[in-house]
Amino acid sequence: MKLRHTLAAGAAALCLSLSASAAEFITVLTGGTSGVYYPLGVALTQIYGKALPDAKSSVQATKASAENLNLLQAGRGEIAFTLGDSLNEAWKGNEEAGFKTPLKKLRGVAAIYPNYIQIVAAADSGIRTLADLKGKRIAVGAPKSGTELNARDIFKGAGMSYKDFAKVEYLPFGESVELMKNRQLDATLISAGLGVAAVRDLATAVPIVIVPIPPEVVTKIGEAAYQAGAIPADTYKGQTAAIPTVAVQNFLVTHDGVPADTVYAMTKSMFDNLDQMSAAHAAAKAIDKTKAAAGMPAPLHPGAEKYYREAGLVK
């Protein structure tokens with residue numbers, strides 16, 4: 001009997017230990033280290049470290065949106081950055097976009113800042129318009145990444161396809177910029193917040209041109225996730241005028257296996273420390289608490305919803 005009680009007590013202690021350890025890890029899924037997601041993810045881990053002192057927060061570099069959402073569905077991360085169009089396709093289950101089945105475990109945390117589609121060409125390439133890209137060498141982002149899905153839609157709206165280019169490279173920001181520096185690419189399409197490090201780096205190394213995306217192209221795409229926007233003048237070296245382009249909303253997402261109390265603390269702590277987020281990257285200056293619960297392609301997590309109710313932002 002004594003042995004049985006000892007074994008039962010040991011089993012109970014083990015269960016408590018396992019459940020505690022499961023709650024101790026918060027992995028923030030981001031993107032490539034030269035993008036915007038990564039520095040903001042680092043800032044989040046620091047914020048969570050103070051708000052959830054018993055948790056071990058870490059940041060993980062990934063291929064961004066599609067990979068992040070699949071990792072969340074598999075329970076291999078607690079919170080992730082994603083583009084809105086990717087989240088919409090994941091919820092529906094679009095295999096062409098990288099989602100073999102609908103990812104119904106996903107839950108929304110917050111709408112954050114918009115991405116801007118930034119088509120960057122070498123100034124000596126002769127590229128000044130979308131039509132000039134025909135016959136040129138271009139990078140479109142990692143395969144089935146949020147950036148690459150954006151590229152497909154943008155070129156489709158412009159009446160073009162990958163067949164129109166001399167060469168298409170499926171590369172993350174940092175690698176495509178290096179190829180442009182070495183004159184191995186003529187242009188790269190980057191979907192990121194304004195002032196992204198990869199474009200700033202390129203603009204200091206070689207003269208660049210930001211290719212305009214006219215509003216009529218946005219209209220022809222015909223998806224609510226895409227809105228007309230502009231890259232303000234002097235965002236990058238040598239870019240002296242505002243450039244029309246496309247904006248796509250970014251979101252923070254979790255999954256239904258993360259406890260409500262944890263998600264509540266993560267949501268609240270981010271909005272309580274937006275100055276720290278903005279210090280990590282200027283794109284975070286566009287995060288607006290009053291709009292954070294709007295336009296979510298997946299259901300809000302109960303923990304995030306609790307925060308928004310307390311803040312009077314949802315009924």
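How many residues of helix H4 (residues 84–92) are buried? Select H4: seven of its nine residues are buried, so the helix is mostly covered. Buried means under 20% relative accessible area, exposed means over 50%, and partly exposed lies in between (1.4 Å probe, protein chains only). Helices (H or I, at least four residues) and strands (E, at least two) are DSSP runs, numbered from the N terminus.

Before going on, note that this is a predicted model, in which local features need pLDDT of at least 70, side-chain atom pairs count only at pLDDT 80 or more, and totals for chains, interfaces and linings use all residues. Residues are numbered from 1 along each chain as its sequence is written, and side-chain values use heavy atoms, with hydrogens and water left out.

**Stop 1: around H4**

Color the buried residues of H4: Gly84, Asp85, Ser86, Leu87, Glu89, Ala90 and Trp91. Now show what covers them. The cover includes helices H3 (65–73) and H5 (146–157). It also includes strands E3 (79–83), E4 (106–122), E9 (226–231) and E10 (243–255). Step off the end of H4 to glycine 93, which has a positive phi, near 85 degrees.

**Stop 2: strand E4**

Select E4 next. This strand is mostly covered, with 17 of its 17 residues buried.

- E10: the pairing with E4 is antiparallel, over eight bridges. Look for alanine 111, opposite phenylalanine 251 in E10.
- E7 (residues 187–192): six bridges join this strand to E4, and the two run antiparallel. Valine 120 sits opposite threonine 188 in E7.
- E8 (residues 208–211): four bridges tie this strand to E4, again antiparallel. Isoleucine 119 faces valine 211 across the pair.

Keep one rule in mind while turning the view: side chains in a regular strand alternate between the two faces of the sheet.

**Stop 3: arginine 200**

Arginine 200 lies in helix H7 (residues 197–205). Is this residue buried or partly exposed? Arginine 200 is partly exposed, because its relative accessible area is 43%.

Show its contacts, meaning heavy atoms within 4.5 Å. Leaving out residues up to four places away in sequence, arginine 200 touches Gly195 and Tyr236. Finish on glycine 195: the arginine 200 side chain reaches its backbone oxygen at 2.7 Å.

Definitions and conventions. Two strands pair if DSSP finds at least two bridges between them. A polar contact is a pair of N or O atoms within 3.5 Å; within protein, one must be able to donate a hydrogen and the other to accept it, and residues adjacent in sequence count only if both atoms are side-chain atoms.
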